[in-house]
Amino acid sequence: LLLALQRLGLLGADAQRRRSSTLTVHIAGAQWREEGGTISSVARTFETLLEALGQEAGLKVLRLGLAGPTAVEAGTGKDECQDLPSGLCLEVCHRTGLYHEV
C-alpha cells in the first residue's frame, strides 16, 4: 500500500498530487477478522502503514473505509477516530455489503 501511494505521488518528496491533509483509503472485501473490527484492532493490523504515514509532512488524518460482506463484527461497526502518538488521526468506517453497494 505504501509503494502504491508513493507511485501515485501521494507520499514522499513528490507528494504534489495530495492536495489535502486527509488521505482516504478504501479497503474492498474487508473482513473484521483480518483487518479488524474495532479501531484498536485496525490500528494493530495497519501498524506499519500508520508509522510511515505519521512521519509524512502535512498529513494529519488517515481515513480508512473498510467495506465487505463481513467487514463488521456483530454488535460493533460504529465509525471511530483516534489520535495516534505520531500525531496522525486515524478514522475508521466499517460498512457491511459489497463495495459497489455501500
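Which residues does Gln-82 touch, not counting residues up to four places away in sequence? The answer is given in point 5, after an account of the fold.

1. Basis of the note. This is a predicted model, in which local features need pLDDT of at least 70 and side-chain atom pairs count only at pLDDT 80 or more, while totals for chains, interfaces and linings use all residues. Residues are numbered from 1 along each chain as its sequence is written, and side-chain values use heavy atoms, with hydrogens and water left out.

2. Overall composition. The protein chain contains four helices and four strands; helices (H or I, at least four residues) and strands (E, at least two) are DSSP runs, numbered from the N terminus. Read from the N terminus on, the order of elements is α-β-α-α-α-β-β-β. The chain has 102 residues, of which 38% count as buried; buried means under 20% relative accessible area, exposed over 50%, and partly exposed in between (1.4 Å probe, protein chains only). The accessible surface comes to about 6,100 Å², and carbon and sulfur atoms account for 50% of that surface. These areas come from the Shrake-Rupley method with a 1.4 Å probe; for residues, only the protein chains shown count as cover.

3. The sheet. An open sheet is formed by four strands in the order β1-β2-β4-β3, with mixed pairing. Its edge strands, β1 and β3, each pair on one side only. On average, neighbouring strands of the sheet are turned by 15° against each other, direction ignored; axes are lines fitted to C-alpha atoms, for helices over the stretch in contact, and angles run from 0 to 180 degrees between N-to-C directions. Two strands pair if DSSP finds at least two bridges between them.

4. Pairings of β4. Strands β2 and β4 run parallel and are joined by eight bridges. Arg-63 has Glu-91 in β4 as its bridge partner, and Leu-62 stands opposite Leu-90 in β4. On β3 (residues 80–83), the pairing with β4 is antiparallel, over four bridges, and Asp-83 has Cys-89 in β4 as its bridge partner. The hairpin of β3 and β4 has five residues between the strands, and Gly-87 in this hairpin takes a positive phi near 100°.

5. Gln-82. This residue lies in strand β3 and is partly exposed, with a relative accessible area of 30%. To return to the opening question, Gln-82 touches Ile-39, Leu-88, Cys-89 and Leu-90; contact means heavy atoms within 4.5 Å. Gln-82 and Ser-40 are 42 residues apart in sequence, and their C-alpha atoms are 8.7 Å apart in space. For the protein chain as a whole, among contacts between residues at least 6 apart in sequence, 68% join residues at least 24 apart.

6. The nonpolar core. The largest such core has 23 residues, and those with the most contacts inside it include Leu-23, Leu-50, Leu-53 and Leu-62. At least two of its residues come from each of β1 (22–28), α3 (39–45), α4 (47–54), β2 (61–68) and β4 (89–96). A nonpolar core is a set of buried Ala, Val, Leu, Ile, Met, Phe, Trp, Tyr and Cys residues joined through side-chain atoms within 4.5 Å. Leaving aside neighbours within four places in sequence, Leu-53 is in contact with Leu-2, Leu-11, Leu-23, Leu-59, Leu-62 and Leu-88.

7. His-94. Strand β4 also holds His-94, which is buried, with a relative accessible area of 2%. The side chain of His-94 reaches the backbone oxygen of Gly-36 at 2.9 Å.

Conventions:
Polar contact = N/O pair within 3.5 Å; in protein donor to acceptor, adjacent residues only side chain to side chain.
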